[in-house]
Amino acid sequence: MASIDIRNLRKKFGDLEVIPGFSLHAEDREFISLLGPSGCGKSTILRIVAGLEELTSGDVVIAGRNVTALEPKDRDIAMVFQNYALYPHKSVFENLAYGLRIRKRPEDEIRKRVTEVSELLQIQQLLQRRPAQLSGGQQQRVAMGRAIMREPAAFLFDEPLSNLDAKLRNHMRVEIRQLQQRLGITTLYVTHDQVEAMTMSDRIVVLNHGMIEQIGKPLEIYETPASIFVATFIGSPAMNLVRVRTDGNALVFPSGDRLSVERQLQGDVVLGIRPERIKLSASKSENSLPFEIVLVEELGAQKIIHGRIGATEMTVAFPEDVPLPTNGASVSLPGNYLHFFDPESGKRLA
Amino acid sequence: MAPKSRLYWIVCYFILALYGVFTLLPIAYLVVSSFKTQLQIYAGVSSTFWFTPTLESYRFIFETKPILHMLMNTLIVSVGSTVFSLVFGTIAAYALARYRFRGRDDLAFYILSIRMFPPIVAALPIFMIFNNLNLLDSKIGLIIAYTSFNLPFVVWMMTGFIKAVPVQLEEAAMVDGQSQLGAIRDILLPVLRPSILAVAIFCIIFSWNEFLFALILTKSQAKTLPVAIPEFITWTEVGWNYVAAAGMVLVMPVLIFSFLAQRYMVRGMSMGAIKD
């Protein structure tokens, strides 16, 4: 059982508090992504778990053992860095073997293990090369290999795919996830890429300024974002957000257009709806709003349509194989896909 | 970019050749002078390169002065001060490159500024201190003096080199199970090896050529070769041929050494140039 427990973690750099209190429990075998914009403290949290950064207060418990005061070498973790950090003066074989060599394991065990790992990652033919002679994808594999050599209690990934091109990134995403499931090692994965977080994780932690905005399963976070920040960070194209006035059961758009909803709301609210949930049609029906198309982006599988309801800008994702209405389009916003947020706090209205 | 014209290259090579002559002529003059007699030296321009070579000057200098002893002193002091400078300088550079602390940049500049003030300013105080500590005319004294001048250079250069090595390499080693010191030994130092070599070469050459401190701080036991050379110019004769022969003995080892190590020297200089 190798769960990871982070309790009341706080981190100050001088007078600047970058993590004002962070707690997280990762179950054994769980894959958790720490997702957030750059500077949100996600890498700092990972480095604290690894023991590479000192914490101001709090506890880190890995596999039931409080490792807060331990050196990185005694924490039984493995880490994959953004720049891979392969030892440039050592061959791939020696890069993989290094951790076991430090532990003074017998030579034949090291050879056996390097063979296993290199076969698993299909890098057998690269063992004699130096890191500089490898492509980005191959370096990434070697870095992965080095992490799994020792069968650690936990994997820590620090944006491991951000130096790869898009195609390779998609491929490695799947590979890392498969590998993690196969090995069943508890994983913390830091990324700023919402697609990586959505596709790979059991749970996602969305971070902003060192604070947790939301923790949940990927679809939970997509379907019921806890705040405006989460709503805009998850999903592409980003969720449409419009500040509207409420009038009984109706939402009043800045243009004066009215949309009746089933909920009773008070005062001003921020209305959110994902571009892919908006229905665009040629005919005007009841409870639909007039929509002026400004620009169409062709993506192949779908079209992204930028347009306006009055002066309010809206983005609509539209299937590629349906012809666009030529004149007089209108949109309807299905009630069960509407999100409401408090305009002041940005929090979701229950 | 359009290919360069023939004329461009002719002019280029002409200028380079001129520069080559400018820098090599003194050395060529030293070489030929060391194989001449005193008479041949004063014989005029026409016989500069046309004469019967003789080893007379070399025989004379080795017979009249303990040249080998002084050469050995030069070697011991150069290597000694280089080792000390590298060990302490690299440790200091590691701290400056890897840790954030109050006044770090000021400290780095202060260390460099030691290199900027003229050595003669420090000569008298060092002489007095060494006199009190009984370090005058000792090799260890000279090693200490040279180390104090080489250290700022080593710290400055090595700070740049260490900064250029991603800290993640050491961190990866630490996560792999190594201590911080172990990570430095296993990962950082091997990666830095060419840089350390480049810096070492510059230190050795500085100490090898040093004249002022060797003149002031040594008398006989620890005397280095550069100090002995001018002694061939006396009240009674100006022995240019002896000066040249002793000069050759001093220059040759370092010339051969630099030739073998030029790859690292170029690397050292260009790395220093692109340092952020």
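Q: Before anything else, what counts as a helix or a strand here?
A: Helices are DSSP runs (H or I) of at least four residues and strands are DSSP runs (E) of at least two, and both are numbered from the N terminus. Please keep in mind that this is a predicted model.

Q: Which helices supply the patch, and which one gives the largest share?
A: Helix H4 (67-98) and helix H7 (139-164) of chain B each supply at least two residues, and the largest share, nine residues, comes from H4(B).

Q: Switching to chain A, what's it like overall?
A: Chain A has eight helices and 20 strands, and its C-alpha trace spans about 75 × 45 × 35 Å along the principal axes. Of the 350 residues in chain A, 51% are buried, while the chain exposes about 16000 Å², with carbon and sulfur atoms supplying 48% of that area.

Q: How is chain A divided into domains?
A: Chain A is divided into domain 1 (4-233) and domain 2 (240-341), and the centres of these two domains, taken over C-alpha atoms, are separated by 40 Å. Nine residues from domain 1 of chain A and seven residues from domain 2 of chain A take part in the contact.

Q: What area do the two domains bury between them?
A: Domain 1 and domain 2 of chain A bury about 700 Å² between them, and 58% of this is on carbon and sulfur atoms. On the side of domain 1 of chain A, Tyr222(A), Glu223(A) and Ile228(A) supply 65% of the area buried against domain 2, more than any other three residues.

Q: How many salt bridges are there between those domains?
A: The count between domain 1 and domain 2 of chain A is one salt bridge.

Q: Which residue forms a salt bridge with Glu223(A)?
A: Glu223(A) pairs with Arg277(A), and their closest N and O atoms are 3.4 Å apart. Glu223(A) lies in helix H7 (residues 218-223) of chain A and Arg277(A) in the loop between strand E14 (268-273) and strand E15 (279-281), so the pair ties together parts that are 54 residues apart in sequence.

Q: Why can side chains pair like that?
A: Side chains of opposite charge can pair when their charged atoms come close.

Q: Where do the partners of the Asp247(A) and Arg258(A) salt bridge lie?
A: The closest N and O atoms of Asp247(A) and Arg258(A) are 2.9 Å apart. This pair links strand E11 of chain A, which holds Asp247(A), with strand E13 (residues 258-260), which holds Arg258(A), and the two residues are 11 residues apart. Both are partly exposed, Asp247(A) with a relative accessible area of 37% and Arg258(A) with 44%.

Q: Which residues are linked in a network of salt bridges?
A: Glu94(A), Arg101(A), Glu107(A) and Arg111(A) are linked in such a network. Over all chains, a search of the whole structure finds 30 salt bridges.

Q: What about chain A against chain B, how much area is buried there?
A: About 1700 Å² is buried between chain A and chain B, and carbon and sulfur atoms give 63% of it. The contact takes 21 residues from chain A and 17 residues from chain B, and the count between the chains is two salt bridges. A salt bridge also joins Asp176(B) to Arg150(A), with the closest N and O atoms 3.7 Å apart.

Q: Last topic, the backbone: is the peptide bond from Ser236(A) to Pro237(A) cis or trans?
A: The bond from Ser236(A) to Pro237(A) is cis, with omega near -5 degrees, and Pro237(A) is found in the loop between helix H8 (228-233) and strand E11 (240-247) of chain A. Most peptide bonds are trans, and most residues other than glycine have a negative phi.

Q: Then what is phi of Lys104(A)?
A: Phi of Lys104(A) is near 55 degrees, a positive value in a residue other than glycine. Lys104(A) lies in the loop between helix H2 (92-102) and helix H3 (107-120) of chain A, and at 71% relative accessibility Lys104(A) counts as exposed.

Technical notes. Residues are numbered from 1 along each chain as its sequence is written. Chains are lettered from A and ligands numbered from 1 in the order in which they are written. This is a predicted model: local features need pLDDT of at least 70, side-chain atom pairs count only at pLDDT 80 or more; totals for chains, interfaces and linings use all residues. Side-chain values use heavy atoms; hydrogens and water are left out. Domain bounds come from an automatic or database domain assignment. Contact means heavy atoms within 4.5 Å. Buried area is the accessible area (1.4 Å probe) that two parts lose on being put together, summed over both. A salt bridge is a side-chain nitrogen of Lys or Arg within 4 Å of a carboxyl oxygen of Asp or Glu. Buried means under 20% relative accessible area, exposed over 50%, partly exposed in between (1.4 Å probe, protein chains only). Accessible areas come from the Shrake-Rupley method with a 1.4 Å probe; for residues, only the protein chains shown count as cover.
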